[in-house]
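These are my notebook entries on a structure that I looked up. I recorded each point in the order in which I examined it.

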Amino acid sequence: MLTPDKMSKEAFSLYERVLHTDIIACHKYDLNSRVERLYPYMEDTLPDEYSGVNVTEDEIDSCMEQLRVKHLIVEHPEVIAEGDSVKCRCMTEGLYRSRTVLLYPGKELPGAEQAEKDAVGKKQGESFATELGGLHVELSVEEISRHSNTVVSDKMVQLEQLDGVNTISEYREWCRQSVENRKKEALAEQIAAWFYKNALEKSEYSIDEAEMKAWAYARAKMFFELELMGKGQNAMEIAADPVLYDREIEERAAENTDHFREYLLQIAIANAGGIHYGPEETAARIVDCVKLFDLDYSDYDGIMSRVNMTYFMEVVYLEGSKEILIKNALAGL
Amino acid sequence: MAYIDAKDDNFHELISRGFSVVDCYGDHCNPCRILAPIFEEVTTEMDYIRFIKLNTEHNPGITREYSINSIPTMLFIRDGEVVDRTVGVMPKEMIEEHIAALLYE
């Protein structure tokens with residue numbers, strides 16, 4: 001249990017004050033409601049589409065091609081030829097004045113056919129009159145680029161500086177492994193979502209109805225207050241009218257009630273995976289914030305605006321449960 | 001020129017200056033697989049244009065922000081502003097036509 005002897009008197013006082021805000025009211029550490037039995041979601045047989053990943057030769061070839069493209073040699077010739085990339089500056093008044101104009105001689109891009117033809121043979125720094133997008137313009141050649149064809153080699157592989165990967169065949173194996181890992185991670189996210197859906201439906205819950213309503217109301221109020229911040233006249237009118245204000249929160253509370261069960265499940269999954277968030281973590285977060293921003297414990301508003309407890313505990317469990325589900329999904333792949 | 005894999009947190013920076021073409025794709029989308037090599041072929045041919053690939057499944061923030069409701073979607077961007085967009089697979093020549101619109105219109 002957290003006591004004043006474990007933290008400074010000022011910090012403890014602030015911590016107690018935080019515990020009594022609406023923000024924390026919906027994130028009690030000692031909920032009566034809970035998941036009585038977490039459904040053993042990992043024991044279900046995975047559907048066929050989640051059974052594993054395949055890496056095709058095409059995918060490995062694509063990875064090798066990326067290596068080749070990455071090491072394309074770019075030359076800057078003096079004279080423009082077809083196939084070059086050319087960066088020009090427009091010198092004529094009007095639409096293109098001072099704009100960078102890119103030309104790709106030989107590609108015959110619509111509107112630039114004549115300019116591409118006229119550019120061939122010009123040198124860097126030279127200006128030439130031409131037609132671009134139906135307009136007569138004068139372009140000045142700023143830069144010419146040309147790619148030289150390259151082929152994947154052991155030397156190219158070594159430039160990547162990957163541990164134990166020095167030859168083309170080793171790089172192909174590295175590609176296979178990389179693609180496989182990437183596909184496994186993507187698949188694990190889908191499996192995690194499937195685990196979650198099953199666990200939500202099949203776990204057994206013990207719900208304290210009054211607590212659920214209070215939680216939903218506090219959460220709705222918290223989000224409604226956030227909505228009102230920075231909103232216009234309409235929001236101000238609602239905030240100033242107690243009847244309208246209560247009605248808005250009641251409506252949102254009804255929507256939040258559905259979320260309560262999910263919140264309990266996220267806590268249960270995270271807890272089962274070793275993730276816990278309690279008063280000690282809240283207190284530590286406040287103390288860290290005060291130190292980090294060099295704040296004074298008496299500046300409650302300043303600290304709360306920095307520490308942003310809003311939604312924090314819920315995010316810890318939301319992300320924590322997702323992390324556990326993905327970890328469990330990956331373990332089965 | 002190779003393409004750049006964009007993420008939710010670096011996308012805006014990548015497209016903020018110059019000319020960019022973005023291939024918005026998904027891992028489990030067959031048309032996206034057909035478009036991928038065509039897109040890669042274009043990326044190797046045109047210097048100065050920034051070619052970007054965005055995995056919509058891994059980057060939901062940008063996907064929502066740019067209302068990418070179908071994939072593959074290609075965004076044609078000049079100095080951070082989307083000037084053109086296409087949906088579906090298209091031949092290389094059509095991609096180059098859209099790039100021309102980005103450059104010369």
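I worked from a predicted model. In chain B I found an open sheet of 5 strands in the order 1-3-2-4-5, with mixed pairing. I noted strand 1 (4-6) and strand 5 (81-87) of chain B as its edge strands, since each pairs on one side only. Neighbouring strands of this sheet are turned against each other by 25 degrees on average, direction ignored.

Entry 2, one pair of strands. I then looked up strand 2 (residues 19-25) and strand 4 (residues 73-78) of chain B, which run antiparallel and are joined by 6 bridges. Opposite B:Val22 I found B:Leu75, which belongs to strand 4 of chain B. As background, I wrote down that strands of a sheet pair through backbone hydrogen bonds.

Helix 2 (residues 30-43) of chain B has 14 residues, and at 1.5 Å a residue it should span 20 Å. Its end C-alpha atoms are 20 Å apart, which agrees. I also recorded a kink of about 30 degrees at B:Ala36, shortly before the proline B:Pro37. Its buried residues are B:Cys32, B:Leu35, B:Phe39, B:Val42 and B:Thr43. Among the elements that cover them I listed strand 2, strand 3 (49-55) and helix 4 (92-104) of chain B.

I found 18 residues of chain A in contact with 14 residues of chain B. On the side of chain A that touches chain B, helix 3 (57-70) and strand 3 (85-90) of chain A each give two or more residues. The largest share, 4 residues, comes from helix 3 of chain A. I divided the residues of this side into 9 nonpolar, 5 polar and 4 charged.

Definitions and conventions
Residues are numbered from 1 along each chain as its sequence is written. Chains are lettered from A and ligands numbered from 1 in the order in which they are written. This is a predicted model: local features need pLDDT of at least 70, side-chain atom pairs count only at pLDDT 80 or more; totals for chains, interfaces and linings use all residues. Two residues are in contact if their C-beta atoms, placed from the backbone, lie within 7 Å. Ala, Val, Leu, Ile, Met, Phe, Trp, Tyr, Cys and Pro count as nonpolar, Asp, Glu, Lys and Arg as charged, and the others, Gly among them, as polar. Two strands pair if DSSP finds at least two bridges between them. Axes are lines fitted to C-alpha atoms, for helices over the stretch in contact, and angles run from 0 to 180 degrees between N-to-C directions. The expected span of a helix is 1.5 Å times one less than its number of residues. The bend at a residue is the angle between axes fitted to the seven residues ending there and the seven starting there. A residue is buried if 20 or more other C-beta atoms lie within 10 Å of its own, exposed if 12 or fewer, and partly exposed in between; C-beta atoms are placed from the backbone.
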